[in-house]
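Hi,

Here is the structure I promised to pass on to you. Have a look at it first, and then read on for my notes.

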Amino acid sequence: MSDRNPEYDFKWCPGCGDFGVKRALEQAIDTYTEEFEIPRTSNVIVAGIGCSGNMVHMLDGEQPFGIHGIHGRTLPIAFGVSTSRPDLNTIVVAGDGDFLSIGAEHIPPTASRNPNMTCVIMDNGVYGLTKGQNSPTSTTGQITTSTPFGKLDAQMKPLELYLSYGVSYIASHYSSKPKVLAEFILEGMKHPGLSIIHVQSPCTTYNNTYDILRGSKKDNIPGTAFIVDDDHDPSDYDAAVDLINKGGVPLGLIYKKQPPTINDLQDKLIKEKSKKVEDILSSYSI
Ligand SMILES: Cc1ncc(C[n+]2csc(CCOP(=O)(O)OP(=O)(O)O)c2C)c(N)n1
Ligand code: SF4
Ligand SMILES: [Mg+2]
């Protein structure tokens with residue numbers, strides 16, 4: 001049980017990837033808070049439901065503001081926070097089940113509006129909290145508690161989806177390098193628009209993918225994670241497509257563009273179209 005929230009009795013399993021993501025997120029929030037000289041509570045975490053979403057109760061030190069909402073609905077909640085209070089640093093934390101299964105329908109409209117918020121998605125390829133059912137990112141053929149003879153459906157490729165939906169900042173990483181991961185989260189926070197940092201965060205209890213990601217000399221496994229080449233141009237859409245299609249798990253910035261945010265567009269509209277009080281009053285006079 002944490003002293004930060006004594007009513008919430010929850011612990012991650014030993015070795016859970018979410019510990020690394022927690023360190024990275026704490027680091028990114030520390031740096032952002034210092035650099036922009038904002039109160040800690042001006043960082044707002046909107047959490048999904050899952051072991052990953054419980055991040056909002058697990059952070060150490062001075063606490064940011066936290067909202068633990070409804071399964072799959074982080075984006076609409078965060079959209080409201082971000083657009084009504086643009087001064088806040090709005091952060092979503094959610095798992096692959098929360099964000100890409102029940103919550104998937106919210107990604108395209110949010111991407112097309114480009115609100116200023118940062119999503120840290122912890123992908124462990126299962127529903128961890130509810131005891132290891134298949135998730136959209138479980139691999140085809142994967143044995144899970146809900147697919148005892150192997151998953152039949154195709155595995156979802158979230159990076160491809162984010163790119164085609166028009167997400168304006170897309171990074172991919174894993175939980176084993178919290179310091180580097182923190183840099184991508186911080187860059188996402190500073191990016192004006194929708195950022196998604198998609199993190200492979202292994203579930204040691206139901207889907208331990210550490211060896212698959214990092215490789216294992218002992219078992220002669222090469223490892224699927226690879227660092228994105230320095231010469232990758234993240235502003236080049238086709239290069240981002242090629243990078244994603246290489247297979248494996250790229251570690252680095254995949255794509256970044258700078259369309260206006262929904263707040264920019266609303267401000268412009270208000271400036272151009274809103275009428276002065278005198279004009280409204282005079283329109284009623286005979
Ligand atoms: C509307 C609703 N449907 C289903 C659930 C049950 N449920 C809670 S967490 C979860 C899946 C969590 O998976 P994921 O988002 O991948 O998080 P993880 O635990 O793996 O970090 C489900 C199905 C719920 N709480 N609410
Ligand atoms: S069940 Fe998996 S995701 Fe949940 S805390 Fe344990 S290791 Fe982490
Ligand atoms: Mg999961």
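Predicted model: local features only at pLDDT ≥ 70, side-chain atom pairs only at ≥ 80, totals over all residues.

Together with Asp 236, Asp 238 and Asp 242, Asp 233 forms a negative surface patch.

Next, the metal site. Asp 96 (OD), Asn 124 (OD1) and Val 126 (O) coordinate the magnesium ion (ligand 3) at 2.1 to 2.2 Å. Along the chain, these donors follow the spacing D-x27-N-x1-V. Asp 96 belongs to helix α4 (residues 96–102) and Val 126 to strand β5 (residues 126–127), so this pair, 30 residues apart, links distant parts of the chain. Asp 96 counts as buried at 1% relative accessibility, and Val 126 is buried too, with a relative accessible area of 2%. If you set up the site for your own work, bear in mind that water is not among the atoms, so sites may look incomplete.

Now to the salt bridges, of which there are 9. In one of them, the side chains of Glu 26 and Lys 22 meet at 2.7 Å, N to O. What separates these two along helix α1? They are 4 residues apart, which means about one helical turn. Both Glu 26 and Lys 22 are buried.

Another salt bridge joins Lys 190 and Glu 35, with the closest N and O atoms 2.8 Å apart. Lys 190 is in helix α7 (residues 178–190) and Glu 35 in helix α1, so the pair ties together parts that are 155 residues apart in sequence. Both ends are partly exposed: Lys 190 at 39% relative accessibility, and Glu 35 with a relative accessible area of 45%.

Helix α7 also takes part through Glu 187, whose side chain meets that of Lys 256 at 3.4 Å, N to O. Glu 187 is partly exposed at 29%, and so is Lys 256 at 30%. Salt bridges that share partners also join Lys 22, Glu 26 and Asp 60 into one network.

Finally, two backbone angles for you to look at. Glu 37 is not a glycine, yet has a positive phi of about 50°; it lies in the loop between α1 (18–35) and β1 (43–47) and is exposed, with a relative accessible area of 72%. Asn 220 has a positive phi as well, near 55°. Asn 220 is found in the loop between α8 (210–214) and β9, and is exposed at 68%.

Best wishes

Notes
Residues numbered from 1 in each chain as written. Chains lettered and ligands numbered in written order. Heavy atoms only, no water. Donors = N, O, S within 2.8 Å, 3.2 Å for Na, K, Ca; no water. Buried < 20%, exposed > 50% of the residue type's maximum accessible area, 1.4 Å probe, protein only. Patch = residues over 30% accessible without salt bridge, like charges linked within 9 Å, V, L, I, M, F, W, Y side chains within 5 Å. Areas by Shrake-Rupley, 256 points an atom, 1.4 Å probe, with all protein chains shown as cover. Salt bridge = Lys/Arg side-chain N within 4 Å of Asp/Glu carboxyl O. Lys, Arg positive; Asp, Glu negative; His and termini not counted. Charge placed at Lys NZ, Arg CZ, Asp CG, Glu CD.
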